[in-house]
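I opened the notebook to look up charged contacts and strand pairing. The entries follow the order in which I checked them.

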Amino acid sequence: PHYRAPFPVTIEYQQQRHAHRVSLSKLAVSVHIQTPKGQQLEARLLDLSVGGMRVRVDPKRAQWLQASRVVHVVIDTQPFSSEPITAVVSHTLDYENSQSGDLIIGFQFHTLNAKERAQLSHQVAGLERRLMRWVPETHS
């Protein structure tokens with residue numbers, strides 16, 4: 001037996017990623033997050049692209065980070081750190097659903113100028129090279 005179905009009138013295509021994203025969960029890269037009013041915390045970078053990033057934070061320290069919140073972030077990629085970059089909280093993953101108990105927060109970089117975009121592209125490439133050379137620690 002076979003089935004027949006008409007072709008759809010329209011097909012909608014949505015691409016989620018506009019830039020190459022590097023997964024950094026194996027590396028210990030810190031991100032310093034600060035609001036314009038001075039609230040601040042340190043987070044661990046999970047992934048990064050010129051379009052945004054995801055971080056892992058302690059939920060007790062990050063209650064003020066809700067969707068649409070504008071913050072400044074400094075990405076600490078030793079031996080260099082970025083200049084402060086303006087980011088917007090795009091989403092949060094409820095820490096109760098996270099395996100570690102931490103809060104996962106996604107940010108978007110909406111207002112990068114050409115210099116910031118170039119600097120961030122350089123950092124993404126540097127982190128990707130560092131990740132390729134990464135060797136897991138062995139405990140003996």
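**Entry 1: salt bridges**

I looked up Asp47 and found it buried, with a relative accessible area of 6% (buried is under 20%, exposed over 50%, partly exposed in between, with a 1.4 Å probe and protein chains only). The model is predicted, so I note that local features need pLDDT of at least 70, side-chain atom pairs count only at pLDDT 80 or more, and totals for chains, interfaces and linings use all residues. Residues are numbered from 1 along each chain as its sequence is written, and side-chain values use heavy atoms, with hydrogens and water left out.

I searched the whole structure for salt bridges and got two (a side-chain nitrogen of Lys or Arg within 4 Å of a carboxyl oxygen of Asp or Glu). One joins the side chains of Arg21 and Asp47 at 2.6 Å, N to O. Arg21 lies in the segment before β1 (22-23) and Asp47 in strand β3, so the pair ties together parts 26 residues apart in sequence. Arg54 also meets Asp47 in a salt bridge, at 2.7 Å, N to O. Shared partners put Arg21, Asp47 and Arg54 into one network. I read Arg21 as partly exposed at 22% relative accessible area, and Arg54 as partly exposed at 31%.

**Entry 2: strands**

I took strands as DSSP runs of E, at least two residues, numbered from the N terminus, and counted a pair where DSSP finds at least two bridges. β2 (residues 30-34) pairs with β3 (residues 40-49) in the antiparallel sense over five bridges. Ile33 stands opposite Leu41 in β3. The two strands β2 and β3 form a hairpin with five residues between them, and Gly38 in the turn has a positive phi of about 105 degrees. β2 also pairs with β5 (residues 70-77), antiparallel, over five bridges. There I found Gln34 opposite His72 in β5.

Methods:
Helix = DSSP H or I, 4+ residues; strand = E, 2+ residues; numbered from the N terminus.
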